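Hi everyone, thanks for coming. I'd like to walk you through one model today, so please have a look at the screen.

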Amino acid sequence: MARLAVYPGSFDPIHLGHVDVIERAAKLFDTLIVAVFVNVGKTPRFSAEERMQLVQAATQHIPNVRVEKSEDLLVRYAQERQVEAIVRGLRAVLDFDYEFQIALMNKKMAPDLETIFILTSEKYSYLSSTLVKELASYHADVKGLVPPVVALALQEKFAGSRG
C-alpha cells in the first residue's frame with residue numbers, strides 16, 4: 001500500500017514556510033495531499049479556488065504532491081482517503097500548544113491516524129499568512145516570503161488599497 005499523508009491548512013496565502021514543510025513531508029510519503037480547507041470561522045482574502053491554484057503553482061516542482069479542497073472535518077476527510085498521517089508544521093512553542101490539542105482530539109476520533117509535526121526551517125519561523133497579507137496590504141515587497149506567483153497574486157489583490 002502506498003504511504004499517503006495530508007497537510008491541511010487554509011493557505012491564505014501559501015508562503016515559503018508552507019512550501020518548506022511540503023517539500024520535506026513529500027520526501028517521507030509516496031503521496032502528500034495538500035488540502036486547502038474552507039473554515040467557516042475565517043474570512044479568507046483569497047477564494048478556495050484561488051488558494052488551490054496558488055498551492056498548485058507553488059508546489060508544481062514536487063511530483064508526489066496532490067492539491068485538493070475540503071469543507072469537511074479533517075479526520076473524516078483523512079479517513080475517506082485512507083490517509084495514514086496528518087502533517088502539521090510548527091513555527092514556535094505557541095504553535096505546539098494549539099497543534100498538540102488538535103492532534104490529541106484527532107487521535108481520540110481516529111486512533112489509527114497519526115500526526116507528524118515538522119518544524120519549519122529557522123529562516124521561515126517568523127512567517128505567517130496573516131503577516132504576509134498585512135505587508136502586502138501596505139504594498140510592501142513580499143518577495144522572499146512567498147513564491148513568485150503568490151507575490152503577484154497579492155499585488156493584484158491589494159492593488160488600489162491603502163499605500
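This is a predicted model: local features need pLDDT of at least 70, side-chain atom pairs count only at pLDDT 80 or more; totals for chains, interfaces and linings use all residues.

Let's begin with the annotated domain. The unreviewed UniProt entry marks residues 6-134 as "domain: Cytidyltransferase-like". In the model, that span is 41% helix and 22% strand, and its end C-alpha atoms are 28 Å apart.

Now, which residues does the "binding site" annotation cover? According to that unreviewed UniProt entry, they are Ser 10, Lys 42, Leu 74 and Arg 88. In the model, Ser 10, Lys 42, Leu 74 and Arg 88 belong to the lining of the largest pocket.

So let's go to that pocket. The largest pocket holds about 1200 Å³ of space. It has 39 lining residues, and those closest to the centre are Gly 9, Ser 10, Lys 42, Arg 88 and Glu 99. Two or more lining residues come from each of β1 (4-9), α1 (16-26), β4 (85-90), α4 (93-109) and α5 (129-137). Helix α4 contributes the most, with seven residues.

Let me pick out two of the annotated positions. Lys 42 sits in the loop between β2 (31-37) and α2 (48-59). Is Lys 42 buried, partly exposed or exposed? Lys 42 counts as partly exposed, because its relative accessibility is 47%.

Leu 74, on the other hand, is in helix α3, which covers residues 74-80. Leu 74 has a relative accessibility of 16%, so it counts as buried; the cut-off for buried is under 20%. Leaving aside residues up to four places away in sequence, Leu 74 touches Val 6, Pro 8, Phe 37, Ile 86 and Asn 106.

Finally, the second largest pocket. How much space lies in it? About 180 Å³. Among the residues lining this second largest pocket are Ala 136, His 139, Asp 141, Lys 143, Leu 152 and Phe 158. Helix α6 (residues 148-157) gives the most to this lining, with four residues. By class, the lining of the second largest pocket has seven nonpolar, two polar and two charged residues.

That's my tour, and I'm happy to go back to any part of it.

Conventions. Residues are numbered from 1 along each chain as its sequence is written. Side-chain values use heavy atoms; hydrogens and water are left out. UniProt positions are given in the numbering used here, feature names are shortened, and annotations may be inferred rather than shown by experiment. On a 1 Å grid over the protein atoms alone, a cavity is a set of points where a 1.4 Å probe fits but cannot get out, and a pocket is an open set with protein on both sides within 12 Å along at least five of seven lines; lining residues have an atom within 4 Å of a point. Buried means under 20% relative accessible area, exposed over 50%, partly exposed in between (1.4 Å probe, protein chains only). Contact means heavy atoms within 4.5 Å. Grid points are joined across faces, edges and corners, and a volume is the space filled by probe spheres set on the points. Ala, Val, Leu, Ile, Met, Phe, Trp, Tyr, Cys and Pro count as nonpolar, Asp, Glu, Lys and Arg as charged, and the others, Gly among them, as polar.
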